[in-house]
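Visitor: I have a model open and would like to walk through it with you. Could you take my questions as they come?
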Amino acid sequence: MPVPAEFVPAYFDTLVISGYDFTDGQVRSHYALTGPDPAQSLEFTETFDFRELGATFDGPEDRPDERLLRLLTITACVSYYKLAAPSRLHLGFAVTDFERDYLAQVIRGGLGEFAYENDLPAALEPEITADGALEQVPGAQTPDTWRVDAPALVPVGGGKDSIVTIETLKADGQQPVLFSVNQYQPIDDTIEVSGLTGVRVRRRLDPKMGELNKAGAYNGHIPVTAINSAIALLTADLLSLGSVVMSNEQSADIENLVWHGFDVNHQWSKSIVYENLLRQTLADYGLNPDRYFSLLRALPETAIADRFASCTQYFDVFVSCNRSFALDPERRRSRWCGECPKCLFVYVILAPRIGKERICEIFDGDLLDETEHLELYRELAGMTKHKPFECVGDYAEVAESLVSLMDRPEWADDAIVVEMTQNRDELTERAAGKAPIVPSKNVPAHYARVFDALLAP
Ligand SMILES: CC(=O)N[C@H]1[C@@H](OP(=O)(O)OP(=O)(O)OC[C@H]2O[C@@H](n3ccc(=O)[nH]c3=O)[C@H](O)[C@@H]2O)O[C@H](CO)[C@@H](O)[C@@H]1O[C@H](C)C(=O)N[C@@H](C)C(=O)N[C@@H](CCC(=O)O)C(=O)O
Ligand SMILES: Nc1ncnc2c1ncn2[C@@H]1O[C@H](COP(=O)(O)OP(=O)(O)OP(=O)(O)O)[C@@H](O)[C@H]1O
């Protein structure tokens with residue numbers, strides 16, 4: 001069915017996760033939005049292209065692990081479910097209870113911001129049905145031969161966090177393989193500066209997505225890190241690599257707000273809740289959960305910034321601003337936009353750590369001397385409404401950085417710092433509540449030495 005001129009979300013009652021196929025190094029995951037008339041159904045295919053990995057895909061022995069294909073297809077449904085947020089999600093194949101539970105949690109946790117922005121609380125709890133029930137998925141009986149001591153696969157986001165992971169592993173003498181979903185300049189440049197090998201998988205949303213957005217489909221944030229994580233697990237498996245080592249920080253665990261009893265967290269699929277869910281799902285599949293963990297979970301954003309401050313070789317290439325990662329290259333910013341919450345956040349936490357001259361060079365200006373940013377800085381410091389829906393740290397981290405700048409002559413006259421000085425006591429009190437470093441239970445014993453080095457003062 002072609003895209004209708006007017007898309008009415010309420011017409012659709014079900015998103016069907018129809019299945020997947022794998023041919024010539026490409027996974028195609030299939031979905032359909034259905035309503036009362038089968039002729040009006042809309043079918044979607046998302047493609048994950050693994051051909052650039054250089055692996056061979058000649059025979060049945062080269063087929064990826066069925067369990068990881070299921071995980072990827074179930075996870076990636078969020079983009080299509082959100083178009084209409086129907087009351088039912090139907091898996092068009094037999095599934096285990098733990099797969100249903102995984103899906104329910106990805107919807108509830110990962111679409112919180114989407115549901116809040118569109119005022120659709122019911123979207124977080126669709127009925128989940130399936131074509132049948134399985135006791136065990138195919139392959140679960142065979143012992144997992146995966147090895148924790150094989151080189152790690154490190155996903156690279158182009159920003160500071162994955163750089164800290166890369167440099168921590170390198171300092172331990174390891175040579176992880178770096179990994180990206182799709183191609184972005186800051187990621188390519190980061191890989192080049194690291195001197196390590198990088199591999200890439202290309203992901204294409206169904207091309208109808210753009211037209212449907214224009215025709216009236218619901219839109220909003222989806223848990224993209226969950227999708228990238230499933231792609232990374234498949235990649236590591238295909239290349240016989242060790243753990244997928246994420247760079248998800250402690251600050252990602254903090255929700256933006258609570259709404260209708262739901263925690264709404266923009267960064268949900270970076271949080272420990274998702275990390276634990278994914279590790280448990282791997283275990284339920286009969287796979288070793290140590291295939292996936294975050295090395296930086298113990299650290300708040302400011303502790304990562306402390307460590308990033310010495311990674312000077314990356315200063316001219318890293319970009320944390322999300323606007324540099326739009327899917328459409330035409331809409332993509334090439335460097336920092338200098339106005340979004342993430343730019344303002346990264347600027348204020350790096351300012352006390354890398355010095356004024358260098359940070360002004362990186363951002364092509366002094367963001368703390370631009371009065372139009374005052375309202376966003378107040379939000380970031382917890383002085384107004386909820387924390388912005390972006391990948392930003394805790395209020396206490398922003399408050400601590402602002403207070404430290406008030407006492408530095410080179411920053412004290414900046415417009416935002418001057419304004420904030422009027423609230424110095426409030427900010428000092430908030431800064432005192434900064435979360436401590438809390439070691440993560442998910443770091444495998446094999447990485448204990450690396451982890452200790454990361455936490456060393
Ligand atoms: C680049 C970006 O920030 N995009 C967010 C933005 O979407 P926009 O329309 O400006 O650009 P595109 O990302 O190119 O999306 C085009 C349309 O496609 C939909 N879509 C995209 C990816 C996908 O996997 N599924 C999709 O359906 C998208 O909704 C657009 O209609 O605004 C959107 C609405 O709020 C956000 O959903 C876009 O975020 C991307 C999914 C994205 O990749 N964002 C990461 C940079 C990001 O936010 N990372 C988080 C990690 C949090 C997590 O839990 O995963 C972070 O940094 O905090
Ligand atoms: N396109 C991508 N391909 C592979 N991994 C990615 C991609 N985008 C983000 N990631 C990974 O997802 C996790 C969350 O991304 P996030 O943007 O928070 O990290 P970052 O880019 O390393 O640092 P920063 O917080 O400064 O942006 C990280 O482990 C990151 O490496």
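Visitor: Leaving aside its neighbours within four places in sequence, which residues is F308 in contact with?
Guide: F308 is in contact with K160, I163 and V164, where contact means that the C-beta atoms, placed from the backbone, lie within 7 Å. Please keep in mind that this is a predicted model, in which local features need pLDDT of at least 70 and side-chain atom pairs count only at pLDDT 80 or more, while totals for chains, interfaces and linings use all residues. Residues are numbered from 1 along each chain as its sequence is written, and chains are lettered from A and ligands numbered from 1 in the order in which they are written.

Visitor: Where does F308 lie, and is F308 buried or exposed?
Guide: F308 lies in helix α10, residues 301-308; helices here are DSSP runs of H or I with at least four residues, strands are runs of E with at least two, and both are numbered from the N terminus. F308 is buried because 24 other C-beta atoms lie within 10 Å, and the cut-offs are 20 or more such atoms within 10 Å for buried, 12 or fewer for exposed, and partly exposed in between, with C-beta atoms placed from the backbone. F308 and D161 are 147 residues apart in sequence, and their C-alpha atoms are 7.7 Å apart in space.

Visitor: Switching to ligand 2, which residues come nearest?
Guide: P155, G157, G159, S162 and S320 come nearest among the 20 residues around ligand 2, a residue being near when its C-beta atom, placed from the backbone, lies within 6 Å. α5 (160-171), β7 (177-181) and α8 (224-238) each supply at least two residues of that shell.

Visitor: And what classes make up the shell around ligand 2?
Guide: The shell has six nonpolar, eleven polar and three charged residues, where Ala, Val, Leu, Ile, Met, Phe, Trp, Tyr, Cys and Pro count as nonpolar, Asp, Glu, Lys and Arg as charged, and the others, Gly among them, as polar.

Visitor: How many residues of β7 are buried, and which strand is joined to β7 by three bridges?
Guide: Four of the five residues of β7 are buried. Strand β6 (residues 153-155) is joined to β7 by three bridges and runs parallel, pairing being assigned when DSSP finds at least two bridges between two strands. Within β7, L178 is the bridge partner of V154.

Visitor: What about α6, which of its residues are buried?
Guide: In α6 (residues 185-194) the buried residues are P186, I187, T190, I191 and S194. They line one face of the helix because, seen down its axis, they fall within an arc of 135°, taken from the directions from the helix axis to the C-beta atoms. Their cover includes α5, β7 and β8.

Visitor: Where is N182, and what is its phi near?
Guide: N182 is found in the loop between β7 and α6, and its phi is near 70°, a positive value in a residue other than glycine. Most residues other than glycine have a negative phi. N182 counts as partly exposed because it has 14 C-beta neighbours inside 10 Å.

Definitions and conventions: Two residues are in contact if their C-beta atoms, placed from the backbone, lie within 7 Å.
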